[in-house]
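Biologist: Before we discuss side-chain pairing and packing, could you bring up the sequence and the model?

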Amino acid sequence: ERAEKLGQSLTKIPYKDTFWKGTTRTRPRNGTLNKLAGIDFKQLSLSQKLNENQSGELWKGRWQGNDIVIKMLKIRDWTTRKSRDFNEEYPKLRIFSHPNVLPVLGACQAPPAPHPIIISHWMPYGSLYNVLHEGTSDPFPPPALQKKPEEINRRSADMWSFAVLLWELVTREVPFADLSNMEIGMKVALEGLRPTIPPGISPHICKLMKICMNEDPAKRPKFDMIVPILEKMQDK
C-alpha cells in the first residue's frame, strides 16, 4: 500500500517469452524445463552499477524495453559441473511465482556472459525493508545485545525480528524513531524497552506479536507453528 502511494507500479512486466524458446512447457518431476537455453546476453543493456560485494555485482539495465535488475554472480572456478547445476537450479526460481515475491525473469550462462547472471524486475523504491525504514535500522533482539554471537539462540532472535516486522507492517511506523541506534540498544538490553502496540490493531495480530516477543526466548514459537495462525488470519 505504501509502495503504491510512493509511485511504485505493481503491474507485472509484459515481455516476449523467448526465454522458453525451443523448449517444451511440460514440467518434469524435478520442476525444471527441458533444453533451456536462457536469455541472450547480447539483449541486455547495463546502465548503472548499483552495488558490488564478494558474491557479485548488481546492475540496473534494460531488456525487451523493460527496466530490470541484473545480478552477476562471482563464482570461483566456473566448471562444467557448476554450469550444469546452474542450468538445473535457476529454472526452479523462474517457475516459482507468488504476488509477494520478486520474480526471476531469466538467466544467462557463462560464457557467453562474463559471469552467470540472474535477471529480475526493477523495483525503484527498493525492498519492503527500504519502504518501511527509509534509512533507519531495526532494533536488535535483546539476546543479540546481551550475549556473545556464539551464545545467541538465532531461531528465537529471528522470531523477535519477525514480531518487530509485524509491528512495522500494521503501524506503518519505525520503532523508537525518536531514539538513536545506541539509545535503542541500551534501552532494549538494559531497561526492557519494547515496541508499544497502539490501539485499533487486530487482537489476533497483537497476540501473535506478544507471543513472538516473549521475554523468555525458549517460549517463542517456531515459524512452522505460526504459519497455521497466519493462514487462519488470512481466511478471516
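Modeller: This is a predicted model, in which local features need pLDDT of at least 70 and side-chain atom pairs count only at pLDDT 80 or more, while totals for chains, interfaces and linings use all residues. Residues are numbered from 1 along each chain as its sequence is written, and side-chain values use heavy atoms, with hydrogens and water left out.

Biologist: How many disulfides does the structure hold?

Modeller: A disulfide is taken as a pair of cysteine sulfur atoms within 2.5 Å. Under that criterion, the number of disulfides in the structure is 0.

Biologist: Is Cys212 buried or exposed?

Modeller: Relative accessible area, computed with a 1.4 Å probe on protein chains only, sets the classes: buried is under 20%, exposed is over 50%, and partly exposed lies in between. Cys108, with a value of 1%, is buried. Cys212 has a relative accessibility of 0%, so Cys212 is classed as buried.

Biologist: How many salt bridges are there by this rule?

Modeller: Side chains of opposite charge can pair when their charged atoms come close. The rule asks for a side-chain nitrogen of Lys or Arg within 4 Å of a carboxyl oxygen of Asp or Glu. One of the pairs found is Lys49 with Glu52, at 3.1 Å from N to O. The count of salt bridges is 7.

Biologist: Which residue forms a salt bridge with Lys187?

Modeller: Lys187 is partly exposed, with a relative accessible area of 27%. Its partner has its closest O atom 3.5 Å from the N atom of Lys187, and that partner is Glu191.

Biologist: Which residues do salt bridges that share partners join into one network?

Modeller: Lys49 also meets Glu57 in a salt bridge, at 3.8 Å from N to O. Lys49 is partly exposed at 39%, whereas Glu57 is buried at 18%. Through shared partners, the network joins Lys49, Glu52, Glu57 and Lys74.

Biologist: Which residues touch the most other members of the largest nonpolar core?

Modeller: A nonpolar core is a set of buried Ala, Val, Leu, Ile, Met, Phe, Trp, Tyr and Cys residues joined through side-chain atoms within 4.5 Å. The largest such core has 15 residues, and those touching the most other members are Phe162, Met209 and Cys212.

Biologist: Which helix supplies the largest share of this core?

Modeller: Helices here are DSSP runs of H or I with at least four residues, numbered from the N terminus. Helix H5 (154-171) and helix H7 (203-212) each contribute at least two residues to this core. The largest share, 7 residues, comes from H5.
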